[in-house]
Amino acid sequence: MKDSTADELRACLSAMTVDRSEDLLESAQDYVYCGQPDHAVEIWEQLIAEGGEDADQAHLDYAEHLFDEHEDDEAYTELGAVLSAGHFSARWLRAVDMVEDHKPAMALCLYLLAIETITAEELRNPARARRYLQLVAARRRLKWELGIPLSDVDLHSGIGDSESRVKCWELLRLTTEVQAVDGQLRFWDRGALAALSQTWGRHTFPERPDAYYLEIKAVLQARGGGRAGATRMSMADWKRLAGLARDARHLDDLPAIVNRYDGGTTVEWPPGRNQGCWCGSGIKYKKCCGWPPS
Ligand SMILES: [Zn+2]
């Protein structure tokens, strides 16, 4: 029947089926929130008995509820039904995602097994190739989180967002703490401090920039005159350091990377009153960190 009304009807009917399951899944959630999980379980069991995609969704929601109730064994049974369906579905990924929250090592095993089973033939299908890359990224992320050093293959396939973020946090922690490493005191210039604290959140940095520079000044003063080993770093240094950190295989490699880094501008101490301030503000020392004169 090539009738437009019939097409509309068909579209309507299939939309209604979707809505029915969605409504049921939603009301199951409502029952959980209202403290009547028994009704929710009834709905999930009904959808599971009906089978199909909605059954998988019901398994997932039911598993989530069971995890919340600390009935982990039962939750894994529900997830098992979805996991056995194969790793090319979005629901499989959601199931492993849930496993990851509770047993990251088990989730890593599932990713490894899934990657193993993908054949070269399957990779010719673009959708499956995309899923393969998702699995590889997940494997790398979990290895990273579990402290397992990354392999050449992991590094070759590019570092994901979460590892980059963790590396940058660690790098910031290492470079923003005011402490001399091997006699060398490194600090961020005013521009870098402002830019980094804007990007990475103020709580990583001292409440006020002035407090940060006062702390550095105190260390430099305590160490006395002469050419104190202090290095001022700019955003260009941050970019170079972040680039070096990106290639690190393990979080534990970062301190060595920071220690080895030889960029930045050497700062003379004590500074001349009419010289540009050591903090990198571009203002004369006597009008910047040298004010009031001590
Ligand atoms: Zn200054």
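This is a short walk through one predicted model, from the overall fold to a few single residues.

Two notes before the structure. Residues are numbered from 1 along each chain as its sequence is written. The model is predicted, so local features need pLDDT of at least 70 and side-chain atom pairs count only at pLDDT 80 or more, while totals for chains, interfaces and linings use all residues.

The chain as a whole, then. Its secondary structure comes to 14 helices and 4 strands; helices (H or I, at least four residues) and strands (E, at least two) are DSSP runs, numbered from the N terminus. Of the 294 residues, 25% count as buried. Buried here is 20 or more other C-beta atoms within 10 Å of a residue's own, exposed is 12 or fewer, and partly exposed is in between, with C-beta atoms placed from the backbone. Two residues are in contact if their C-beta atoms, placed from the backbone, lie within 7 Å. Among contacts between residues at least 6 apart in sequence, 53% join residues at least 24 apart.

Next, the cores. A nonpolar core is a set of buried Ala, Val, Leu, Ile, Met, Phe, Trp, Tyr and Cys residues joined through C-beta atoms within 7 Å. The largest has 27 residues, and Ala95 and Tyr111 have the most contacts inside it. Helices α2 (37-50), α3, α4, α5, α6 and α8 (126-145) each supply at least two residues of this core. Its largest share, 6 residues, comes from α3. Another core lies apart from it, with 19 residues, among them Ala230, Met233, Trp238 and Ala248. As a general remark, nonpolar side chains tend to be buried together in soluble globular proteins.

I will take α5 in more detail. Helix α5 covers residues 90-102, and its 13 residues should span 18 Å at 1.5 Å a residue; the end C-alpha atoms are 19 Å apart, which agrees. The expected span is 1.5 Å times one less than the number of residues. Which residues of α5 are buried? They are Trp92, Ala95, Val96, Met98 and Val99. These cover an arc of only 155 degrees around the axis, which puts them on the same side of α5. The arc is that of the directions from the helix axis to the C-beta atoms. On the other side of α5, Ala90, Asp97 and Asp101 are exposed. The cover over the buried residues of α5 includes α3 (53-68), α4 (72-83) and α6 (104-117). Ala95 itself, leaving aside neighbours within four places in sequence, is in contact with Leu60, Leu79, Val82 and Leu83.

How do α5 and α6 meet? Their axes come within 6 Å and cross at roughly 145 degrees; axes are lines fitted to C-alpha atoms, for helices over the stretch in contact, and angles run from 0 to 180 degrees between N-to-C directions. Val96, Val99 and Glu100 in α5 meet Pro104, Met106, Ala107, Leu110 and Tyr111 in α6. The residues of this contact divide into 7 nonpolar, no polar and 1 charged. For that count, Ala, Val, Leu, Ile, Met, Phe, Trp, Tyr, Cys and Pro are nonpolar, Asp, Glu, Lys and Arg are charged, and the others, Gly among them, are polar.

Helix α4 has Ala75, Glu78, Leu79 and Val82 buried. They cover an arc of only 95 degrees around the axis, which puts them on the same side of α4. Asp73 and Gly80 are exposed on the other side. In the loop between α3 and α4 is histidine 70, which has a positive phi of about 60 degrees although it is not a glycine. Histidine 70 is exposed, with 8 other C-beta atoms within 10 Å.

Is arginine 190 buried or exposed? With 20 C-beta neighbours inside 10 Å, arginine 190 counts as buried. Not counting residues up to four places away in sequence, arginine 190 touches Pro209, Cys279, Gly280 and Ser281.

Last, proline 292, in the segment after β4 (265-267). The peptide bond from tryptophan 291 to proline 292 is cis, with omega near -5 degrees. Most peptide bonds are trans.
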